[in-house]
Amino acid sequence: KQEVEKIRIKITSLGLTESRITSDETIQQLFVECRLNNFLAEETPLSLPKPTGGQRIHYNYSTVINVDKADNRAERQYLKSILLKPDLPADSLKFTVVSDPPEDEQDLECEDIGFAYVSLKEIFQKQRDIIEQDIDVFDSQDASAVIGKLTVTVEALQALRSVHEECRTE
């Protein structure tokens with residue numbers, strides 16, 4: 001029963017391609033935020049030095065989003081809406097790569113430098129979780145430019161099946 005009420009997310013690593021990000025010296029430390037619609041933002045506890053040419057930085061960060069009926073009704077309703085409304089644009093988990101200002105420049109703000117998405121609807125349609133998969137990170141200033149790859153795991157299928165079952169029995 002437990003597995004059905006959770007979405008597990010793991011942010012494994014990040015690699016950057018040559019772009020404005022790699023050449024921007026004000027961007028030094030990076031962390032990753034993961035958000036489910038407007039509910040929940042989780043971020044990697046560490047910001048790591050920006051990877052250079054072909055290297056990856058490893059977060060190995062895992063989190064769980066609870067979607068049980070008792071305590072997380074809103075999240076569950078959101079998952080239902082993903083399954084029931086085929087044209088809902090926000091059917092994805094959104095990963096944001098954020099630049100963390102260096103210690104000596106705390107007057108600078110955190111800046112979103114890229115976004116990556118995992119479609120929960122697609123996980124349900126294909127009936128398979130995303131396990132250690134590279135997803136494209138798009139430039140926050142140019143959504144058509146890929147600035148890197150984020151390796152993530154999203155285990156949501158059981159939760160989505162559970163919610164789907166519930167939709168059918170209501």
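## Strand β8 and E132

At 38% relative accessibility, E132 counts as partly exposed. This is a predicted model. E132 sits in strand β8, which covers residues 130-139. The backbone of E132 has a positive phi of about 45°, although E132 is not a glycine.

T12 lies in strand β1, residues 6-16. Is T12 buried or exposed? T12 has a relative accessible area of 8%. Buried means under 20%, so T12 is buried.

What does T12 touch, leaving aside residues up to four places away in sequence? The contacts of T12 are I57, H58, Y59, N60, E132 and T151. E132, the partly exposed residue, is thus on the contact list of T12. T12 also comes to D134: their C-alpha atoms are separated by 9.6 Å. Along the chain, T12 and D134 are 122 residues apart.

N60, another contact of T12, belongs to strand β5, residues 56-66. Phi of N60 is positive, near 45°, and N60 is not a glycine.

Strand β2 spans residues 29-36, and strand β3 spans residues 40-43. The two strands pair in the antiparallel sense over four bridges. R35 has A41 of β3 as its bridge partner.

β2 and β3 form a hairpin, with three residues between them. N37 is in the turn. Its phi is positive, about 50°.

## The nonpolar core

The largest nonpolar core holds 43 residues. Which of them touch the most other members? They are L93, F95, L120, L150 and V154. In soluble globular proteins, nonpolar side chains tend to be buried together.

L93 has contacts with I9, C34, R35, L36, I65, A116, Y117, V118, L120 and V154, not counting residues up to four places away in sequence. Among these, L120 and V154 are also named with L93 as core members that touch the most others.

## Two packed helices

Helix α2 covers residues 73-84, and helix α4 covers residues 157-169. They pack at an angle of about 75°, with their axes 9 Å apart. Angles of 65 to 115 degrees count as roughly perpendicular, so α2 and α4 are roughly perpendicular to each other.

Which residues make the contact? From α2 come R76, L79, K80, L83 and L84. From α4 come L160, S162, V163, H164, E166 and C167. By class, the contact has six nonpolar, two polar and three charged residues.

How values were computed. Residues are numbered from 1 along each chain as its sequence is written. This is a predicted model: local features need pLDDT of at least 70, side-chain atom pairs count only at pLDDT 80 or more; totals for chains, interfaces and linings use all residues. Side-chain values use heavy atoms; hydrogens and water are left out. A nonpolar core is a set of buried Ala, Val, Leu, Ile, Met, Phe, Trp, Tyr and Cys residues joined through side-chain atoms within 4.5 Å. Buried means under 20% relative accessible area, exposed over 50%, partly exposed in between (1.4 Å probe, protein chains only). Contact means heavy atoms within 4.5 Å. Axes are lines fitted to C-alpha atoms, for helices over the stretch in contact, and angles run from 0 to 180 degrees between N-to-C directions. Angles under 35 degrees count as roughly parallel, over 145 as roughly antiparallel, 65 to 115 as roughly perpendicular and the rest as oblique. Ala, Val, Leu, Ile, Met, Phe, Trp, Tyr, Cys and Pro count as nonpolar, Asp, Glu, Lys and Arg as charged, and the others, Gly among them, as polar. Two strands pair if DSSP finds at least two bridges between them.
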